[in-house]
Amino acid sequence: MPTVQQIRDLKEVYTTELYELTRKQQKLDQSYYDDTFDVPEVREPHRVYRSGIGPRMINNPAEQMVTSNPQALIELLKGNRESQVRMSEEINQHWLELMRYQNPNPPKEFIKNCLKRGEAYIRLTHNENWKADKATRVGSPVRFAIPDSQIIYSSPEEDENGIPKRVIVFYERSLQEVQLRFPDWKNPLGRELKDKVEWFEFWEDNMRYFEADSEAVLKTTNKMEEGIQTNIYGFPPFIRRYSGFGSRSV
């Protein structure tokens, strides 16, 4: 199991070496999507004509590739036919029905990320407000988030379901959000409410580690190093898919 210092060293390796060229290319791709890319060949008195075709090349296929009534096919590795039917009904009639009305729509957002970034992720989180009692529960026990691929740095190794062996998440997060979620966090840099916090996550099969402005925010479990917790999921809760265009470089 890696130490906190080894985790921070991995962050530097992933962000500055493994993903350096990927992020450079994705930044260029974003300029075409935003229609802000440079056209040095066009000079005064001529002007650049911005057609806006970039977003249409991404958004239109996403609209056509995702059905208005998606269905999940469930195949149990263990259990009887009755359990499989019951689970299929639960997911198709409730979970997917909720996803249809989300905005942005998760399936469409996933396809857009694949086409725009070359890769896309589904992040799984459990619903803390889920209740066993059908009369009082709201939503589904699992939430499906579609984060921007540019904030996720994952290992090239992955299992047959597209779950990477190791995942690093790194982005700027609002100070108020961090303080609300982690009230024991001490705000080591003395940031004000208008400021952003450098948020960092590390996931492996058996552990996880989060920090904000280099201060650990999780309570230690199982006598691990300070800030390191057992990963109760047993795997990094991220599923990765590539667009299928291009070649893998690692």
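**View 1. Strand 3 and strand 4 run antiparallel and are joined by 3 bridges.** Strands here are DSSP runs of E with at least two residues, helices are runs of H or I with at least four, and both are numbered from the N terminus. Two strands count as paired if DSSP finds at least two bridges between them. Ile152 stands opposite Val169 of strand 4. On to strand 5: 8 bridges join it to strand 4, again in the antiparallel sense, and there Glu201 is the bridge partner of Val169. The model is predicted, so to speak with care: local features need pLDDT of at least 70 and side-chain atom pairs count only at pLDDT 80 or more, while totals for chains, interfaces and linings use all residues. Residues are numbered from 1 along each chain as its sequence is written, and side-chain values use heavy atoms, leaving out hydrogens and water.

**View 2. An open, antiparallel sheet of 3 strands has the order 2-1-9.** Strand 2 (142–145) and strand 9 (238–242) stand at the edges with a single partner strand each, so one side of each has no neighbour in the sheet. From one strand to the next, the twist averages 20°; axes are lines fitted to C-alpha atoms (for helices, over the stretch in contact), and angles run from 0 to 180 degrees between N-to-C directions. Strand 1 (residues 119–126) pairs with strand 9 over 5 bridges, and Ile122 stands opposite Ile239 there.

**View 3. Tyr19 and Tyr153 form one of 9 aromatic pairs.** Rings of Phe, Tyr and Trp (its six-membered ring) pair if their centres lie within 6.5 Å; planes under 30 degrees apart are stacked, over 60 edge-to-face, and the rest tilted. Here the centres are 5.2 Å apart and the planes stand at 80°, so the pair is edge-to-face. Tyr19 lies in the loop between helix 1 (4–18) and helix 2 (20–34) and Tyr153 in strand 3 (residues 152–154), so the pair ties together parts 134 residues apart in sequence. Both Tyr19 and Tyr153 are buried (buried means under 20% relative accessible area, exposed over 50%, partly exposed in between, with a 1.4 Å probe and protein chains only). The charged end of Arg23 sits over the Tyr153 ring, 4.4 Å from its centre; the rule asks for NZ of Lys or CZ of Arg within 6 Å of the ring centre and within 35 degrees of the ring normal.

**View 4. Phe182, Trp185 and Val217 touch the most other members of the largest nonpolar core, which has 28 residues.** Such a core is a set of buried Ala, Val, Leu, Ile, Met, Phe, Trp, Tyr and Cys residues joined through side-chain atoms within 4.5 Å. Strand 5 (196–203) gives the largest share, 5 residues. Phe182 also belongs to a cluster of ring pairs, along with residues including Trp199, Phe210 and Tyr233. Arg181 lies over the face of Phe182, at 5.3 Å from the ring centre.

**View 5. Asn187 and Ser214 have positive phi values without being glycine.** Phi is near 50° at Asn187, in the loop between helix 6 and strand 5, and near 70° at Ser214, in the loop between strand 6 and strand 7 (215–216). Asn187 is buried, at 14% relative accessible area, whereas Ser214 is exposed, at 52%.
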